[in-house]
Amino acid sequence: MQVTIHPGKLRGRVQAPPSKSHAHRLLICAALADGETAIEGAGASKDIEATARCLTALGACVAPEQDALRVRPIGVPNKNALLDCGESGSTLRFLLPLCALFNCAATLVGHGRLPERPNGPLLKAMRAHGAAFKGEGLPMTVSGGLRGGEYHLPGDVSSQFFTGLLLALPLADEDSEVIADTPLESAPYVDLTLSAMRAFGVRAERTPRGFRVPGRQNYVSPGRLRVEGDWSGAAFWLAANALGGEVTVEGLNPLSAQGDRAAQTLFLPENLACADVRDVPDLMPALAAVMAAVPGRHRIVGAARLRIKESDRLRAMAEALRALGGSVRETEDGLAIEGGSLAGGTVDGCGDHRVVMSAAVLAAACKGAVTILGAEAADKSYPGFFADFAALGGKMDVKHAGK
């Protein structure tokens, strides 16, 4: 899909999309619980569809009902299940430890850049506790069981490794400790995991080295839960406000465990000179868009891990901003941006939902039209993005492939 956006400020009210980070975690907890759970407001993004599909393959039943997904727990896991994780790193890394714990010889596959994303530290830690893998990358079959004990992980590769273990290890027969051998980055995402686990009566405790996880616990269904509004998705509308828009985003919890609630203040002028996104990497594209339009020298640091997302996100954003007339230099762990006037132009979305949405919002600050190639990538996390964009007054022409 190709979208051409004409300059114009965005105004109005919009409902925050559901947090896919929160929804992933609630769906998995519900699939491990002692009874059915209704998860309200989970949405229908590609990533959430992937998690629901994989849980179903393992033996759960995830069925839509009105504004909810009703989850019947796994019970006895299916043997030799095929789990299609789509392009969702969360789905893959959250379910790998569970598949090993179940010892069900599940095979996991993925698409896009997912097979290229690193999993070595998680596999190494799991092997040391009984897991076995056929294949180092996707497709990969996991079996062998998973025991509790002392797990060591680097803290600067992916917080998703920690979440996967934290979700699985309460079901192990032994107590466990998950230790971060380097400082844990994106720690708020792990806080969100702990919050979801508590909602199902399962606990893990922070320690000076990482997390202590008592074994022999049970996930207990609370009956019904609602997915929070997504601060990551809302950040694009808050970025639009920093570019002169007047958008009110509804349905957000300012006290959420989501680290991306930092978007409440991140786009303020006093925070644009140098921003460390180590704990909020998903906010980098929207932040870079704002920096490109605001006069002055700006810098983003702490973003090295973004080179292994759906795209090399640092390079993709640098190329997108240059295509619109911006001055951007890649650094080892971020971007150096000289903000100012932007002409408009054509942006390659690089198959990355956050690159696409950032370019769309930035069009408001360009002198000419902005054409985005591969705009359908927004469906990965926010399938209603362009409908909301139009409802807020965005002027755009849409051309679908083959038409």
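A residue is called buried under 20% relative accessible area, exposed over 50%, and partly exposed in between, using a 1.4 Å probe and protein chains only. The model here is predicted: local features need pLDDT of at least 70, side-chain atom pairs count only at pLDDT 80 or more, and totals for chains, interfaces and linings use all residues. Residues are numbered from 1 along each chain as its sequence is written, and side-chain values use heavy atoms, leaving out hydrogens and water.

Start with the charged pairs. A salt bridge puts a side-chain nitrogen of Lys or Arg within 4 Å of a carboxyl oxygen of Asp or Glu. The whole structure holds 29 of them. In one, Lys20 meets Asp47 at 2.9 Å, N to O. Lys20 sits in helix H1 and Asp47 in helix H2, 27 residues apart. Helices are DSSP runs (H or I, at least four residues), as are strands (E, at least two), and both are numbered from the N terminus. Lys20 is buried, at 11%. Asp47 is buried too, at 3%.

Arg313 bridges to Glu310, with the closest N and O atoms 2.7 Å apart. Arg313 is buried at 1%, and Glu310 at 10%.

Now the cysteines. A disulfide needs two cysteine sulfur atoms within 2.5 Å. The count is zero. Cys350 is partly exposed, at 30%.
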